[in-house]
Amino acid sequence: MKLARVIGTVVATEKHPAFEGRTVLMVQPLDEYRKDAGDAFIAVDHAQAGVGDIVLVNQEGNGSRQLLGTIDGKLPIRSVIVGVVDEVSVA
Amino acid sequence: MYLGRVIGTCVATRKAEGLDGVRLLVVQPLDKHQKPKGDPQVAADTVRSAPGQLVYLVGAREAAQALEPAFVPVDAAIVGIVDDLTLAAAERSHS
């Protein structure tokens, strides 16, 4: 999973049914020292994360399908926030 | 998933069968400040978006899952038209 900070919210009325009722957030990936590392991207929230939270993001389709369920066996969602981080400590 | 802006349309008559009836649009991926990031790409549209609109897309294998039937040969699909994108104050000051 990637470490990331939630930096924004994305609201869409016209969207694929898979995103109905889901919170869509913009996240900025971080390195282990919480510095920005890489490009921001969009993820679906599944951990009640809020703007400013440090989160874990799973960017793998199978895991996303297992977590969120499928519609007719499909789900066009790749990135899911799976946890809010309390603490990261590195040597 | 990532942000993009629809900048054009694409028509292809000769194409793989799975692409019949799939609306193709030219999209410029954007960074968090809505500035262009990388090269424009062609994406399948699932939300009736149009040139000029801010959208979000899904890539890779999940792009094919946005379409009916699945396993259409696409690696980018537009899955939402953005009404509002709000960045945290700390991010806005860096744009």
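In chain A, 56% of the contacts between residues at least 6 apart in sequence join residues at least 24 apart (a contact means heavy atoms within 4.5 Å). Keep in mind that this is a predicted model, where local features need pLDDT of at least 70, side-chain atom pairs count only at pLDDT 80 or more, and totals for chains, interfaces and linings use all residues. Residues are numbered from 1 along each chain as its sequence is written, chains are lettered from A and ligands numbered from 1 in the order in which they are written, and side-chain values use heavy atoms, with hydrogens and water left out.

**Fold and shape**
- Going from the N terminus, chain A reads β-β-β-β-α-β (helices are DSSP runs of H or I, at least four residues, and strands are runs of E, at least two).
- The C-alpha trace of chain A spans about 45 × 25 × 20 Å along its principal axes.

**Burial and charge**
- Buried residues account for 48% of the 91 in chain A (buried means under 20% relative accessible area, with a 1.4 Å probe and protein chains only).
- Chain A carries 9 positive and 12 negative side chains (Lys and Arg versus Asp and Glu, leaving out His and the chain ends).

**The aromatic pair**
- Over all chains, there's one aromatic pair (ring centres of Phe, Tyr or Trp, the latter by its six-membered ring, within 6.5 Å).
- Phe19(A) and Tyr56(B) make up that pair, edge-to-face (planes over 60 degrees apart), at 5.3 Å centre to centre and 70° between the planes.
- Phe19(A) sits in the loop between β1 (2-15) and β2 (24-29) of chain A and Tyr56(B) in strand β4 (residues 54-59) of chain B, so the pair joins two chains.
- Both Phe19(A) and Tyr56(B) are buried.

Notes
Buried means under 20% relative accessible area, exposed over 50%, partly exposed in between (1.4 Å probe, protein chains only). The place of a charge is taken as NZ of Lys, CZ of Arg, CG of Asp or CD of Glu. Rings of Phe, Tyr and Trp (its six-membered ring) pair if their centres lie within 6.5 Å; planes under 30 degrees apart count as stacked, over 60 as edge-to-face and the rest as tilted.
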